[in-house]
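Here is a short briefing to read alongside the model. Have the sequence and the structure open as you go through the points.

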Number of protein chains: 2
Amino acid sequence: MINLGIVGYGNLGRGVKAAIEKNADMKLCAVLSRRPEITQKELGDIPVLSSWENIILKDLKIDIMILCGGSKEDTPVQGPLFARTFSTVDSFDTHADIPEYFQKMNTIARQMGNVCVISAGWDPGIFSVERVLGEAYLPGSHGYTFWGKGVSQGHSDAARKVKGVIDARQYTIPIESSIEQIRSGYIPQLSKNEMHKRLVYVVAENELEQERIRKEIKEMPHYFAEYDTEVLFISAEEMKHNHSNLPHGGFVMTSAKTGDKHKQIVEYNLRLDSNPEFTGSVLVACARAAYRLKQSGHAGAFTMLDIPPAFYSPYSVEELRRKFV
Amino acid sequence: MINLGIVGYGNLGRGVKAAIEKNADMKLCAVLSRRPEITQKELGDIPVLSSWENIILKDLKIDIMILCGGSKEDTPVQGPLFARTFSTVDSFDTHADIPEYFQKMNTIARQMGNVCVISAGWDPGIFSVERVLGEAYLPGSHGYTFWGKGVSQGHSDAARKVKGVIDARQYTIPIESSIEQIRSGYIPQLSKNEMHKRLVYVVAENELEQERIRKEIKEMPHYFAEYDTEVLFISAEEMKHNHSNLPHGGFVMTSAKTGDKHKQIVEYNLRLDSNPEFTGSVLVACARAAYRLKQSGHAGAFTMLDIPPAFYSPYSVEELRRKFV
């Protein structure tokens, strides 16, 4: 049995809990929450604590802590803190800062004899793996990553900051004709707006301001100006009813020619009804890998690039060779 | 520089050679062939030998031998033979015999301090990896493997054995409506003939015998009787002109619900103009992994399930974290 703790109980934390319940070799032993009373009501018998020191005090045995806070403010602090005492899994996704974060986590984890899997999930994570594999199988290939159709939190937040906007939900939409071009074996150079378009649902304070709001969103630099952006106004009820789920997904495509002329195309894609539940499920698989890495004497930071596929699986290598190879 | 040898110079051996040329850190140092004179003419400066003992005699330095013979007769003999002296990569694909072959190779490779990657390629190989990852990310999921559209050598051979058949080429075709069902989030139970159909092009000796031949092929047990099989008669010229390539590909799909109701669908697919060139390219990536495993002190047999993704890549882990994560 692998004993797990969850740090931070928002959408992702809930996704991790749901995933743990589907894995017979896992047990959720503690949840750390900033609002322990409310979370305790939701979780019933599972110990909910407000501080990691309580875990030590209560002598709760935790093999792996899964960090479910945000990449902006939580994980950069919590990662190094928890790595001192626990093996961890996190989904740190600020791509530009990953090398530095890796170094920091690696130093602490090695010192303390822990295994810390960083930047896990689907991107970074699964998509990182598929990008590396695609390029390794087909050297000199051209790789493409498309995201969506799915909700981007960052772009939704940006639209929400426009004056007169009560609520906004932004969908990133991959451009199907570009994907079809790649599938057909053509290897195009694609600009940003040839890969994705943006669709923003907005609840506005005042109907008369719709044109101004639409213009401000569409012209917002970095977020929308470079893309074909559509802004649709809806009611608060429709927002709640039709846009409360967090679907997402995307494509990693690798295209190359081998020999003189043979087109070879690798496509990986995810269609996710719930981004946090899928990400949570991947983090739990990574927790199993972290546990096994530690059991086999490893210490340090790992990304999913450093982990053999068999380590994620509940099956033994013998079973895997018999049933899955 | 990683020094490679190729054992067996048919379609796959040629695919491996073409792939080596696309990898700047690799060098083809020797080819073993049963017809060394003919092969030497094709290969120019590269040493072509008829026996592995010549490699030892000539003191050629080989890091990894890539075994490109057939799984039926060649690899079961050559694998254990070469594992005594070399680290190897092979594409042994008799699924039922893989566990036993693994044990045999593992024992020898450990004894001799070599690394032997077995059953590499795309199925077994990449598809094995994706089946295991899909099931690990989504426990309790349903997994599907579809092959094609592509040429099956075994089924082509079977059709060729029918009396009056001069030549035959069999395409395995995945049933698109079943794939679409899975993509839409439905998790069907599919019988064999709901997953694949078979299309056989036949060159017949005598036009008058077409009906008998069609019937014999369509009713052949194991190979065709369980499937929707179409038999088309063509001329020898058309066979040569339109059916000399060896395209293939396929799909690994994993479908599950997380939480109470959220559909999560993972799809991996390959569209290959040339099966042997793609397989060759994967074997070369595995040779790099074998080299690194050996460099880092490992010995024994490995499948692609045991290899961290980063090991296949020509890039350093630092570069990978910077550019691909």
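Leaving aside its neighbours within four places in sequence, which residues is Phe92(A) in contact with? They are Ser71(A), Thr75(A), Pro76(A), Asp97(A), Ile98(A), Tyr101(A), Ser119(A) and Pro124(A), where contact means heavy atoms within 4.5 Å.

A word on conventions before the details. This is a predicted model, in which local features need pLDDT of at least 70 and side-chain atom pairs count only at pLDDT 80 or more, while totals for chains, interfaces and linings use all residues. Residues are numbered from 1 along each chain as its sequence is written, chains are lettered from A and ligands numbered from 1 in the order in which they are written, and side-chain values use heavy atoms, with hydrogens and water left out.

**Around Phe92(A)**

- Phe92(A) sits in the loop between strand 5 (87-90) and helix 5 of chain A; helices (H or I, at least four residues) and strands (E, at least two) are DSSP runs, numbered from the N terminus.
- Phe92(A) counts as buried because its relative accessibility is 3%; the cut-offs are under 20% relative accessible area for buried, over 50% for exposed and partly exposed in between (1.4 Å probe, protein chains only).
- From Phe92(A) to Lys17(A) there are 75 residues in sequence and 19 Å in space, C-alpha to C-alpha.

**Where chain A meets chain B**

- Each chain's share of the contact is listed here: 64 residues from chain A and 64 residues from chain B.
- About 5,900 Å² is buried between the two chains, with carbon and sulfur atoms giving 59%; buried area is the accessible area (1.4 Å probe) that two parts lose on being put together, summed over both.
- On the chain A side, Tyr137(A), Arg321(A) and Val325(A) lose the most area to chain B, together 14% of what that side buries.
- There are 2 salt bridges between chain A and chain B, each a side-chain nitrogen of Lys or Arg within 4 Å of a carboxyl oxygen of Asp or Glu.
- Glu267(A) forms a salt bridge with Arg271(B), and their closest N and O atoms are 3.2 Å apart.
- Strand 13 of chain A gives the largest share of the side that touches chain B, 11 residues.

**Backbone details**

- In chain B, the peptide bond from Asp123(B) to Pro124(B) is cis, with omega near 0°, and Pro124(B) lies in the loop between strand 6 (115-117) and helix 6 (126-137).
- The peptide bond from Gly148(B) to Lys149(B) is also cis, with omega near 0°, and Lys149(B) lies in the loop between strand 7 (142-147) and strand 8 (150-151) of chain B.
- Most residues other than glycine have a negative phi, and most peptide bonds are trans.
- His222(A) has a positive phi of about 65° although it is not a glycine, and this exposed residue has a relative accessible area of 67%.
- His222(B) has a positive phi near 65° and, at 68% relative accessibility, counts as exposed.
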